[in-house]
Amino acid sequence: MAHSVSNEQSEMSNTTPLLLRRNRWRFPSTIKLKTTLSSELSGAVGDLGTYIPIVLALSLVNNLDLTTTLTFTALYNIATGLLFGLPMPVQPMKSIAAVAISESPPLTIPQISAAGLSVAAVLLFLGFTGLMSFLYRYLPLPVVRGVQLSQGLSFAFSAIKYIRYEQDLAKSKSGPPRPWLGLDGLIVALAAVLFLVLTTGAGVDDHHEDEDVVDRRNRVRRRLRVLSTVPAALIVFLFGLLLCFLRDPSIFNDLRFGPSRISVVRITWEDLKIGFVRAAIPQIPLSILNSVIAVCKLSGDLFPDREASAMRVSVSVGIMNFVGCWFGAMPCCHGAGGLAGQYRFGGRSGASVVFLGLAKLVLALVFGNSFGRILGQFPIGILGVLLLFAGIELAMASKDMNTKQESFVMFVCAAVSLTGSSAALGFFVGIVLYLLLKLRELQCGGFGLSKSKKRKSSVDEETSLIG
C-alpha cells in the first residue's frame with residue numbers, strides 16, 4: 001500500500017502547475033503538493049459567495065468605486081498568495097459593510113475608509129507588539145471552534161436564504177419565495193447543488209476512507225479521483241456569468257471599456273469619528289477572532305506543515321487596509337470562511353488566489369465600473385450555493401472536539417454568537433464558561449486528592465499495625 005501511495009504522490013506532483021513547483025521558498029522538496037491546475041482554478045472562486053453580494057451592495061448603496069476595489073483586492077490576492085503559499089482569501093469586512101449599508105443615511109466612502117483604517121491600526125499594533133501571537137497561543141481551542149462554528153452556520157443560514165428567497169441586496173432584505181422556474185429559479189440553484197455534491201462529495205476525506213480495501217472499492221476510489229479533477233466551482237461560476245447575459249441582453253450595450261480614475265479619498269476628523277464609533281468598534285473583535293485567530297487555526301487544520309502565523313496575518317490585514325482605504329477601496333480582511341470555501345473546491349496553494357487576483361485585475365482594467373451591470377444580474381441562488389458549501393466546510397472544522405466538556409463550551413459559544421449576532425459576545429461567554437469549568441476541575445481535583453491521600457495514609461497505618 002505504501003508503494004501505491006508513493007505512486008499517487010509522484011503522479012500528482014507531475015501534474016502540479018509550474019507556478020507551484022518552482023515556488024521553492026514556500027514549498028520545499030519535502031512537501032508534496034497534491035494539486036492540479038484545474039483544482040486551483042476551481043478553488044479560486046470558492047469565496048465569491050460572500051465577496052460578490054457585499055461588493056454589489058456597497059456599490060449600489062454607498063457608491064463604492066468598482067475599479068478601485070477590484071484593483072486593490074486583486075493586488076491583495078496576488079500578494080497574499082505569494083507570501084503565504086496558501087489559498088488565503090481576501091474578503092470584505094462584513095461588520096463594516098453591514099453598518100455602512102444599513103445606517104440611515106448610509107455611510108459615505110470617507111467614513112467607510114476611516115473605519116477600515118481604524119481596524120488596520122489596531123491589527124498592526126497587535127501584530128507588531130506580539131499581542132496577537134500571545135492571544136493565538138493561549139486562547140482555548142473550544143472557544144475558537146465555537147467562533148468558527150457560528151461563522152460557518154451563519155454563512156450557511158445566509159446561503160439558504162439566498163437560495164430560497166428573492167434578495168434585495170441594496171437593503172439587505174429577503175423578499176418573496178424564489179420561483180421554481182426561471183434563470184435564477186430554485187431549479188437552477190438545486191441543479192448547482194447536485195452537480196457540486198456529485199463532483200466534490202462531502203470533501204477531501206472521501207478519497208481516504210477506502211485505502212485498505214481492494215477490487216470494487218479501488219475502482220470507486222479511481223472514479224472519485226477523476227471526479228475530483230473537475231473544476232466544479234469554476235464551472236458553476238462561469239455558468240452563472242452566462243446566465244447574467246441571458247437574463248438581460250442589454251448588458252452588452254451598457255458595458256464601457258477602460259477603468260475609472262483612482263483618486264485619494266479626503267477623510268475629515270468627523271468622518272474618522274463616525275467611521276470608528278459606528279463601524280470600526282463592531283468590526284475589531286470580529287477581525288481579531290475570525291480574520292486572524294480562526295483563519296490561522298483553520299490553516300493549521302488544513303495544512304499542518306504550513307500553518308499561518310498570527311503575527312503575519314494580523315500585519316497583512318493592517319497593511320492591506322492602510323494602503324487601499326486611502327483610495328476608497330473596500331475594507332478587507334482574511335476570513336476563515338473564505339479559506340474553507342477555497343479549500344473545499346480544490347485550492348491547495350497560493351496559486352488559487354493568485355489566479356483570482358489576476359482575473360479581478362483584468363476585469364478592473366477592461367470593464368471598470370461597468371462590470372457592476374454584470375454583477376447586478378448574477379443569479380443570487382448560485383451565489384447562495386457557493387456560500388453554502390463554504391459555510392459547511394468552515395463549520396466542520398469543529399469536529400475535533402474530543403470531550404463532552406470541550407463540545408459544551410464550543411456549542412454554548414456558537415449559540416450565543418448566533419443568537420446575539422456577535423462573535424465578540426459569544427467569545428466572551430465561551431472564555432468565562434471555559435474558566436469556570438477549569439476552576440471546577442481544580443476544586444474537585446484538590447478535594448479528591450486530599451481524600452485519596454488521607455485514605456492511603458490510613459491504609460498504611462493499618463498495615464503497619466498488622467505487621
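Contact means heavy atoms within 4.5 Å. Helices (H or I, at least four residues) and strands (E, at least two) are DSSP runs, numbered from the N terminus. This is a predicted model, in which local features need pLDDT of at least 70 and side-chain atom pairs count only at pLDDT 80 or more, while totals for chains, interfaces and linings use all residues. Residues are numbered from 1 along each chain as its sequence is written, and side-chain values use heavy atoms, with hydrogens and water left out.

Q: What average pLDDT does the protein chain have?
A: The pLDDT is the predictor's confidence in each residue, from 0 to 100. In this model 84% of the residues score at least 70, and the chain average is 85.

Q: What percentage of the contacts with a separation of 6 or more joins residues 24 or more positions apart?
A: The secondary structure of the chain comprises four strands and 21 helices. Among contacts with a separation of 6 or more, the share from residues 24 or more positions apart is 81%.

Q: Which residues of H14 does H6 meet?
A: Helix H6 (residues 94-102) packs on helix H14 (residues 269-302) at about 155°, with axes 8 Å apart; axes are lines fitted to C-alpha atoms, for helices over the stretch in contact, and angles run from 0 to 180 degrees between N-to-C directions. This angle makes H6 roughly antiparallel to H14 (under 35 degrees counts as roughly parallel, over 145 as roughly antiparallel, 65 to 115 as roughly perpendicular and the rest as oblique). From H6, the residues Lys94, Ser95, Ile96 and Val99 meet Arg278, Ala279, Pro282, Gln283 and Leu286.

Q: Which residues of H5 make the contact with H4?
A: Helix H4 (residues 48-61) and helix H5 (residues 66-84) pack at about 150°, their axes being 11 Å apart. The two are therefore roughly antiparallel to each other. On the H4 side the contact uses Tyr51, Val55 and Ser59, and on the H5 side Leu66, Thr69, Leu70 and Thr73.

Q: How many residues of helix H16 are buried?
A: Buried means under 20% relative accessible area, exposed over 50% and partly exposed in between (1.4 Å probe, protein chains only). Those buried in H16 include Gln342, Tyr343 and Arg344. Helix H16 (residues 336-344) is largely enclosed by the rest of the structure, so the buried count is nine of the nine residues.

Q: Which residues does valine 385 contact, leaving aside its neighbours within four places in sequence?
A: Valine 385 lies in helix H19 (residues 380-395) and is buried, with a relative accessible area of 0%. Its C-alpha atom is 8.0 Å from that of isoleucine 160, 225 residues apart along the chain. The contacts of valine 385 are with Ile163, Ala189, Ala192, Val193 and Leu196.

Q: Which residues does serine 113 touch, not counting residues up to four places away in sequence?
A: Serine 113 belongs to helix H7 (residues 109-129). At 1% relative accessibility, serine 113 counts as buried. The residues that serine 113 touches are Val265, Ile267, Cys325 and Gly328.
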